[in-house]
Amino acid sequence: MPHDTPLIATIVAGLGLAFVFGTIAQRFRIPPLVGYLLAGVAVGPFTPGFVADQALATELAELGIILLMFGVGLHFSLNDLLSVRKIAVPGAVAQIAVATLMGLGLAMLMGWTVGAGLVFGLALSVASTVVLLRALQERRLMDTERGKIAVGWLIVEDLAMVLALVLFPAVASFHGGNGAALVADPLATRFGLGLTGVLVLTLIKIALFIALMLVVGRRLIPWVLHYIAHTGSRELFRLTVLAIALCIAFGATKLFGVSLALGAFFAGMMLRESPLSQRAAQETLPLRDAFAVLFFVSVGMLFDPMSLVREPWPFVATLFVIVVGKSIAALVIVLLFRRPITTALMISASLAQIGEFSFILAELGVALDLLPKAGRDLILAGAIVSIMLNPLVFAVVDWLTARLEQPQAASPAAAASEAIPVTELTGHTILVGYGRVGSIVGDALHQRNAPFLAVEASDDTVAKLKQRGIEALMGNAARASVLRATNPAAARSLVIAIPEAFEAGQIVEQARAANAGIQIIARAHSDAEVDHLKGLGADIVIMGEREIARGMIEELDRQPAPDAQESRQHSAA
Ligand code: AMP
C-alpha cells in the first residue's frame with residue numbers, strides 16, 4: 001500500500017461487509033440489521049482476518065446517531081413531546097429506577113461494588129435510539145400515539161443519561177476512584193463544586209441550551225434555510241441542512257455538555273416549524289441510512305463472541321434484565337396509566353434492548369475504575385444479543401396482540417399480526433393508501449356506492465375512515481398478510497395510490513400472482529418507475545408529474561386568445 005488510509009479502509013470494510021451480510025440475512029428473512037452486526041464482528045479484533053480501526057468506527061457511528069436524532073427532531077414537535085409527557089416522564093424515570101435496581105442486584109450477586117452496580121444498572125436501563133427508531137419506522141408507528149410515547153420516553157432516557165454522564169466523574173471522585181482527574185467540567189473543578197453543585201451546573205447548562213434553541217434557533221434556522229432555498233441550489237440546500245445538524249450537535253456538546261444526539265434532536269425540532277422541513281428530512285435520508293449501518297457495524301466490532309462461552313450465566317442474567325425485566329417494568333407502568341395493553345406491549349418491545357448510550361456509560365465506568373472490565377463485556381454482549389432478539393420480541397408482541405384482539409375484526413393492532421381476518425367483499429376495488437391521491441379516489445368510490453376496501457398505514461386515517469363507515473384495513477399493504485386480507489383473488493380492481501414505487505411493486509407482484517384478471521392501476525413519479533411497475537404486472541401506471549404537466553397545458557390552452565395578444569403587446573411596449 002502506498003500510504004496508510006485507516007478511515008477509508010474502515011468505511012469500505014464496514015459498508016462492504018455490511019452489504020454482504022445484510023443481503024445474506026435478508027435472504028434468510030432475518031432483519032438486515034443482524035447482518036450489519038455480524039459484519040462488525042467479522043472486522044472486529046476478536047475474529048481472525050482484517051481488523052478495522054475501532055476508534056474510527058465508533059466515531060463514524062456517532063455521525064449516524066446525530067443524523068438519526070436530527071431526523072427524529074424533524075418529525076417530532078414540541079407539542080408532541082408535551083402531549084406525552086404525563087406518561088413518558090414518569091414512565092422513563094420509573095423504568096430506569098427498576099432496571100437500575102435489577103442491575104445493581106445482579107452486580108451485588110457477582111460481588112461488585114455498589115458504584116459498579118449503579119453504572120451497570122443504568123447502562124442496562126437505556127434503550128438504543130437507533131434500534132428503536134428503526135423498529136418504529138419499519139412498522140410505520142412514528143406518527144401513532146404509541147410511537148410518540150416511545151420516542152418521548154426515549155428522549156427522557158437520553159436526558160437522564162446526559163445527567164449521568166456528567167455526574168459519574170464527580171461521584172467517582174467522591175468514592176476514591178480516579179474521577180478527580182477526569183471531572184468533565186472545568187468550571188466545577190475551578191470553583192470546587194460538590195456533587196450538588198455539579199448537578200445544578202449541568203441542569204443550568206441544559207436549560208440554557210434549550211432556551212437558546214427556542215429563542216434564537218427557532219427563528220434563525222428556518223430563516224437560513226429559506227434564504228438558501230431561494231438561491232435555488234439543491235446542493236447548497238443539502239449542505240445547509242447537514243451543516244446545521246452537525247454544527248448544532250457539536251456545538252451543544254462542546255459548549256453545553258449536552259449529548260450529540262440531544263443537540264441534533266433539538267436542531268431537527270427547530271426546523272420542524274418551517275415548511276421546508278419535509279425537504280430537509282428527505283435530503284439527510286441517504287447519509288443517515290449509510291451511517292446508521294456503520295453504527296451497527298461498530299457495535300459488532302466491540303463484541304468478543306468467546307465471552308459468552310467463558311461466562312454464560314452472568315450473560316444470561318444480564319440479557320434477562322434487558323429483555324424481560326425492563327419489558328415487564330414498562331408494561332406495568334404503561335398499564336398503570338390506563339393505556340390499552342396493545343400500546344403497553346408495543347412500548348415494552350421497543351425498549352427491550354440497549355445500545356449506544358450503554359456503551360458510552362460502560363466505557364466511562366471502566367475509565368473511572370468504577371466498573372470492572374467484565375461489566376463492559378456483559379453490557380456489550382447484552383446489547384448485541386438484545387438488538388438481535390428485538391425483531392423476535394416484536395414478532396411475539398404481534399402474535400400476542402393478535403390473540404388479545406381477535407374478537408375485534410381488522411383492528412389496527414391485528415393488522416400488524418399474521419392472522420388478519422379476510423374481508424367479505426367480492427368484486428370490489430382495493431385502494432392502497434388514503435393520502436392526497438387515494439383520498440380523492442376513495443371519496444369518488446364512496447359517492448358512487450362502489451364496493452371498496454382501503455388499506456392505510458396510518459392508524460389515524462383508518463380510524464377516521466371507519467367512523468365514516470368505510471371499510472379500512474391498517475397496515476403495510478406490501479406485507480403478504482395484509483394484502484391477503486383484502487381478498488385480491490376475488491377483487492375487480494386494485495388502485496395503488498402510494499408514492500413509494502418499490503413497495504408498490506411488491507404489491508403489484510403479489511396481487512398479480514393471486515389474481516391474473518385483476519385490473520391494477522398504480523401511481524409513479526418517473527419513467528423508470530412506470531417501467532418497473534408495468535414489468536411487474538400493473539395494467540395502467542399513472543405518472544403524477546406527467547398529469548400535473550397535462551393539467552398545466554390544459555390551463556394554458558383554456559386561456560382566451562385575445563388576452564394572450566394583449567399581454568404580448570404589453571411586453572412589447
Ligand atoms: P399521499 O402521498 O399524500 O397520497 O399519501 C400516501 C398515503 O399512503 C399515506 O397516507 C400513507 O400512510 C399511505 N401509505 C404509504 N405506503 C403505504 C403502504 N405500503 N401500505 C399502506 N398505506 C401506505
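A polar contact here is a pair of N or O atoms within 3.5 Å; within protein, one atom must be able to donate a hydrogen and the other to accept it, and residues adjacent in sequence count only if both atoms are side-chain atoms. Everything below comes from a predicted model, where local features need pLDDT of at least 70, side-chain atom pairs count only at pLDDT 80 or more, and totals for chains, interfaces and linings use all residues. Residues are numbered from 1 along each chain as its sequence is written, and side-chain values use heavy atoms, with hydrogens and water left out.

View 1. A polar side-chain atom of E503 sits 3.0 Å from a nitrogen atom of the ligand. R436 brings a polar side-chain atom to 2.7 Å from a ligand oxygen atom, while V437 uses a polar backbone atom, 3.2 Å from an oxygen atom of the ligand. On its own the ligand has 510 Å² of accessible area, and the protein covers 85% of that (Shrake-Rupley method, 1.4 Å probe; for residues, only the protein chains shown count as cover). There are 16 residues around the ligand, and R436, E456, N476, A477 and R523 come nearest (a residue is near if one of its heavy atoms lies within 4 Å). Sort the shell by type and you get seven nonpolar, four polar and five charged residues. For that sorting, Ala, Val, Leu, Ile, Met, Phe, Trp, Tyr, Cys and Pro are nonpolar, Asp, Glu, Lys and Arg are charged, and the others, Gly among them, are polar.

**View 2. Aromatic rings that pair up.** The structure holds five aromatic pairs (Phe, Tyr and Trp rings, using the six-membered ring of Trp, with centres within 6.5 Å; planes under 30 degrees apart are stacked, over 60 edge-to-face, the rest tilted). Y36 and F296 have ring centres 6.4 Å apart and planes at 40°, so this pair is tilted. Y36 belongs to helix 2 (residues 32-43) and F296 to helix 13 (residues 277-301), so the pair ties together parts 260 residues apart in sequence. Helices (H or I, at least four residues) and strands (E, at least two) are DSSP runs, numbered from the N terminus. Both Y36 and F296 are buried (buried is under 20% relative accessible area, exposed over 50%, partly exposed in between, with a 1.4 Å probe and protein chains only). For W112 and F120, the centres are 5.2 Å apart and the planes at 75°, so that pair is edge-to-face. Y36, F295 and F296 form one aromatic cluster.

**View 3. Helix 6, mostly covered.** Nine of the twelve residues of helix 6 are buried, including V119, F120 and L122. At 1.5 Å a residue, helix 6 (residues 114-125) should span 16 Å, and its end C-alpha atoms are 16 Å apart, which agrees. The expected span is 1.5 Å times one less than the number of residues.

**View 4. Helix 11 and the glycine after it.** Helix 11 (residues 234-256) has 23 residues and should span 33 Å at 1.5 Å a residue; its end C-alpha atoms are 32 Å apart, which agrees. Its buried residues include F237, V241, I244 and I248. Just after helix 11, G257 takes a positive phi of about 70°.

**View 5. Two loop residues with positive phi.** D369, in the loop between helix 17 (356-367) and helix 18 (373-405), has phi near 65°. N449, in the loop between helix 20 (438-447) and strand 2 (452-456), has phi near 60°. D369 counts as exposed at 58% relative accessibility, and N449 counts as exposed at 68%.
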